[in-house]
Amino acid sequence: MKVKYLGTGAAEGWPGVFCSCRACREARDRGGKNIRTRSSALINDSLMVDFPPDSYCHIINYGLDLSKLKHLVITHSHQDHFYIDDLKLRKPVFAHLEDDSVLNIYGNKAVAGIMAEILDDNSILKQYLNFHYIPPFETFRTDDMMITPLLASHDRKEDCYIYIFEDKDGKRMLYGNDTGIFPEETWDYIGRFRFDLVSLDCTSGPLQEGTYHMGIPDNIRIKERMLQMGSADKDTKFVITHFSHNGGLLHDQLVEAAKPHDFDVAYDGFELFV
Ligand SMILES: [Zn+2]
Ligand SMILES: [Zn+2]
Ligand SMILES: [Zn+2]
C-alpha cells in the first residue's frame with residue numbers, strides 16, 4: 001500500500017490563514033516541511049481521503065489529475081475535510097470530463113445532507129458526482145479496496161469517522177484525522193485486526209488532549225493499547241499528522257519529540273509504502 005500525504009495541517013493551515021503567532025511566523029520564515037496545508041491523503045494513487053480547501057494547491061504541487069479520480073472518502077463535514085464549493089466545479093463548463101466520468105463520494109449523514117442539497121437541484125452535477133451514505137462499522141468495497149468507517153471522538157453533532165483501508169495485497173491501514181482517544185465500540189472493532197500502518201491525529205503536537213483531538217501523549221496511549229491488543233506489532237508503522245500551530249513545535253522539533261516513540265511525523269508530500 002502506498003500512502004501520500006497531500007496536506008498535514010489542521011483547519012486553519014500552518015501558517016494559519018490570519019495568524020501572527022510565533023509558530024506561524026517561524027513557519028513562514030523557515031518554509032519547507034513547516035508549511036502545512038489542510039489534511040488529505042491519496043492511497044495507491046487511486047483513492048483520496050478528504051477534500052480540503054487546499055485540494056487545488058495539491059493538484060498543482062503534486063501534478064495530480066483529479067478528472068481520473070474515482071473514489072473520495074470523507075471523514076466528516078468540517079470545511080477542512082469537505083470543501084463542497086470546489087466539488088461543485090466537477091461538471092461542464094468548469095470541467096471537461098469523459099461521459100462516464102463519475103466521482104464516487106462516501107461519507108456520513110452530515111455529508112449526505114450537504115450532498116443532497118447540492119445534487120437535488122442540479123441534474124448535470126448528478127451525472128458526475130455519485131454519493132454513497134456509509135453507516136459506521138459496515139464494510140464496503142471500491143474497485144480494489146475494502147473500507148470500514150469507525151466512529152471517531154470528535155464533533156458530537158455528527159458521526160465523525162476514522163477508517164480501516166485494506167487493499168488487494170491484504171495491507172491494512174487505520175487512518176484517523178480529527179479524533180480524540182477512540183470510543184470503546186471502535187476499540188472493539190480494531191481489536192479484530194492487525195494493522196500494517198496506523199495514521200493518527202496529532203493536532204495538539206506535544207500537548208495532551210484526547211477528547212476532540214490528540215497530541216503525542218495521546219498517540220502514545222493509542223499505540224500502547226494497540227500493541228497490547230495485538231492490533232499492532234514491531235512491524236506496524238505509526239504516522240502522526242493533522243498538526244496545528246497551537247501545538248507550537250515546528251517540523252524538526254516534532255520529529256525530535258516523536259523519535260523516542262517511533263512515530264513518523266508526516267509533512268506535505270510525505271510518501272510511504274507498507
Ligand atoms: Zn481537521
Ligand atoms: Zn499561528
Ligand atoms: Zn473536524
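Helices and strands here are DSSP runs, numbered from the N terminus: a helix is H or I over at least four residues, and a strand is E over at least two.

## Basis of the model

This is a predicted model, in which local features need pLDDT of at least 70 and side-chain atom pairs count only at pLDDT 80 or more, while totals for chains, interfaces and linings use all residues. Residues are numbered from 1 along each chain as its sequence is written, chains are lettered from A and ligands numbered from 1 in the order in which they are written, and side-chain values use heavy atoms, with hydrogens and water left out.

## Helix 7

Just after helix 7, Gly-230 has a positive phi of about 85 degrees. Helix 7 itself has 14 residues. From first C-alpha to last it reaches 20 Å, close to the 20 Å expected at 1.5 Å a residue; the expected span is 1.5 Å times one less than the number of residues.

Some residues of helix 7 are buried (under 20% relative accessible area; exposed means over 50%, and partly exposed lies in between, with a 1.4 Å probe and protein chains only). The buried residues are Ile-216, Asp-218, Asn-219, Ile-220, Ile-222, Lys-223 and Met-226. Among the elements that cover them are helix 6, strand 10 (172-175), strand 11 (197-201) and strand 12 (237-241). Contact means heavy atoms within 4.5 Å.

## The zinc ion (ligand 3)

Which residues hold the zinc ion (ligand 3) as protein donors? They are His-76 (NE2), His-78 (ND1), His-154 (NE2) and Asp-178 (OD), at 2.1 to 2.2 Å from the ion. Donors are N, O and S atoms within 2.8 Å of the metal (3.2 Å for Na, K and Ca); water is not among the atoms, so sites may look incomplete. Along the sequence, the spacing of these donor residues is H-x1-H-x75-H-x23-D. His-76 counts as buried because its relative accessibility is 0%.

For comparison, the ideal angle for four tetrahedral donors is 109.5 degrees.

## The zinc ion (ligand 1)

The zinc ion (ligand 1) is coordinated at 2.1 to 2.6 Å by Asp-80 (OD), His-81 (NE2), Asp-178 (OD), Asp-178 (OD) and His-242 (NE2). The sequence spacing of its donor residues is D-H-x96-D-x63-H. Asp-178 coordinates both this ion and the zinc ion (ligand 3), and the two ions are 4.1 Å apart. His-81 lies in the loop between strand 4 (71-73) and helix 3 (84-87), and Asp-178 in the loop between strand 10 and helix 6, so the pair ties together parts that are 97 residues apart in sequence. Both His-81 and Asp-178 are buried.

His-242 sits in the loop between strand 12 and helix 8. Its phi is positive, about 60 degrees, although His-242 is not a glycine. His-242 counts as buried because its relative accessibility is 1%.

## Salt bridges

The structure holds 14 salt bridges, each being a side-chain nitrogen of Lys or Arg within 4 Å of a carboxyl oxygen of Asp or Glu. One of them joins Asp-45 and Lys-2, with the closest N and O atoms 3.1 Å apart. This pair links distant parts of the chain, 43 residues apart: Lys-2 is in strand 1 (residues 2-7), and Asp-45 is in the loop between strand 2 (40-43) and strand 3 (47-49). Is Asp-45 buried or exposed? At 52% relative accessibility, Asp-45 is exposed, whereas Lys-2 is buried at 19%.

Glu-184 and Arg-225 form another salt bridge, with the closest N and O atoms 2.9 Å apart. Here Glu-184 belongs to helix 6 (residues 184-190) and Arg-225 to helix 7 (residues 216-229), 41 residues apart. Glu-184 is partly exposed at 46% relative accessibility, and Arg-225 is partly exposed at 28%.

## Cis peptide bonds

A cis peptide bond, with omega of about 5 degrees, joins Trp-14 and Pro-15. Pro-15 is in the loop between strand 1 and helix 1 (22-30). The peptide bond from Pro-92 to Val-93 is also cis, with omega near 5 degrees, and Val-93 is in the loop between helix 3 and strand 5 (103-107).
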